[in-house]
Amino acid sequence: MSKPTIDTCAEIFLNGEALIETIPDTYVAKSGLQGQGLFTSRAWARDEVLCVLDGQLVEAKRYPVLLTEMEWNALPGEMLLVRPLRTSYGFINHSFNPSIEIGADYRTMRAIRSIAAGEELTLDYAVQPVPDGYMQRDDTTFMQDDD
């Protein structure tokens with residue numbers, strides 16, 4: 001038997017759904033950036049709040065496996081806000097020219113410019129307070145600035 005992943009857990013616990021919708025008016029589709037991405041089905045105005053992130057506060061150094069096995073966003077002090085099931089957030093791809101950002105509270109996600117309906121939502125994960133060593137991993141090289 002293979003080890004369950006965040007995606008298989010979603011299939012089991014969400015009656016076959018791929019994710020918990022945490023950002024309204026969005027959908028998952030093939031991305032030109034990486035794999036699948038999160039796209040908006042309506043326009044968003046600059047500074048409009050898309051959602052407020054939630055999850056369980058966890059120390060990254062205490063549970064390093066969460067960095068690869070769960071959905072999370074980084075908080076200061078080597079902390080993670082972890083979600084055990086896939087949400088809309090987990091399909092947002094990285095971009096150095098993002099359309100959204102996570103605010104100073106590390107939880108409020110807002111549009112940093114006008115976003116058209118049908119556009120992929122992107123976030124610059126490299127500006128988040130990710131745990132030490134995370135950006136040097138082989139699977140995060142696409143988030144490392146070439147400058």
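At 4% relative accessibility, glutamate 71 counts as buried, a label given to residues under 20% relative accessible area, with exposed meaning over 50% and partly exposed anything in between (1.4 Å probe, protein chains only). The structure is a predicted model, in which local features need pLDDT of at least 70 and side-chain atom pairs count only at pLDDT 80 or more, while totals for chains, interfaces and linings use all residues. Residues are numbered from 1 along each chain as its sequence is written, and side-chain values use heavy atoms, leaving out hydrogens and water.

Arginine 83 is likewise buried, at 4% relative accessibility. The side chains of glutamate 71 and arginine 83 form a salt bridge, with N and O 2.8 Å apart; the term requires a side-chain nitrogen of Lys or Arg within 4 Å of a carboxyl oxygen of Asp or Glu. This pair links distant parts of the chain, since glutamate 71 belongs to strand 5 (residues 71–75) and arginine 83 to strand 6 (residues 79–83), twelve residues apart. Helices (H or I, at least four residues) and strands (E, at least two) are DSSP runs, numbered from the N terminus.

Two strands pair if DSSP finds at least two bridges between them; strand 4 and strand 6 run antiparallel and are joined by four. Leucine 57, for instance, has leucine 81 of strand 6 as its bridge partner.

By the rule above, the count comes to four salt bridges. One of them joins the side chains of aspartate 25 and arginine 42, at 3.0 Å from N to O. Aspartate 25 sits in the loop between helix 1 (6–13) and strand 1 (26–30), and arginine 42 in the loop between strand 2 (36–40) and strand 3 (49–52), so this bridge ties together parts that are 17 residues apart in sequence. Both partners are partly exposed, aspartate 25 with a relative accessible area of 36% and arginine 42 at 27%.

Another salt bridge connects glutamate 119 with arginine 113, whose closest N and O atoms are 2.5 Å apart. Here glutamate 119 is partly exposed at 22% relative accessibility, and arginine 113 is partly exposed at 29%. Salt bridges with shared partners also join Asp25, Arg42 and Glu48 into one network.

Tyrosine 106 is placed in the loop between strand 8 (100–102) and strand 9 (108–111) and is partly exposed, with a relative accessible area of 27%.

Across the whole protein chain there are two helices and ten strands, following the pattern α-β-β-β-β-α-β-β-β-β-β-β along the sequence. Of its 147 residues, 42% are buried. The chain exposes about 8300 Å², with carbon and sulfur atoms supplying 52% of that area, as computed by the Shrake-Rupley method with a 1.4 Å probe.
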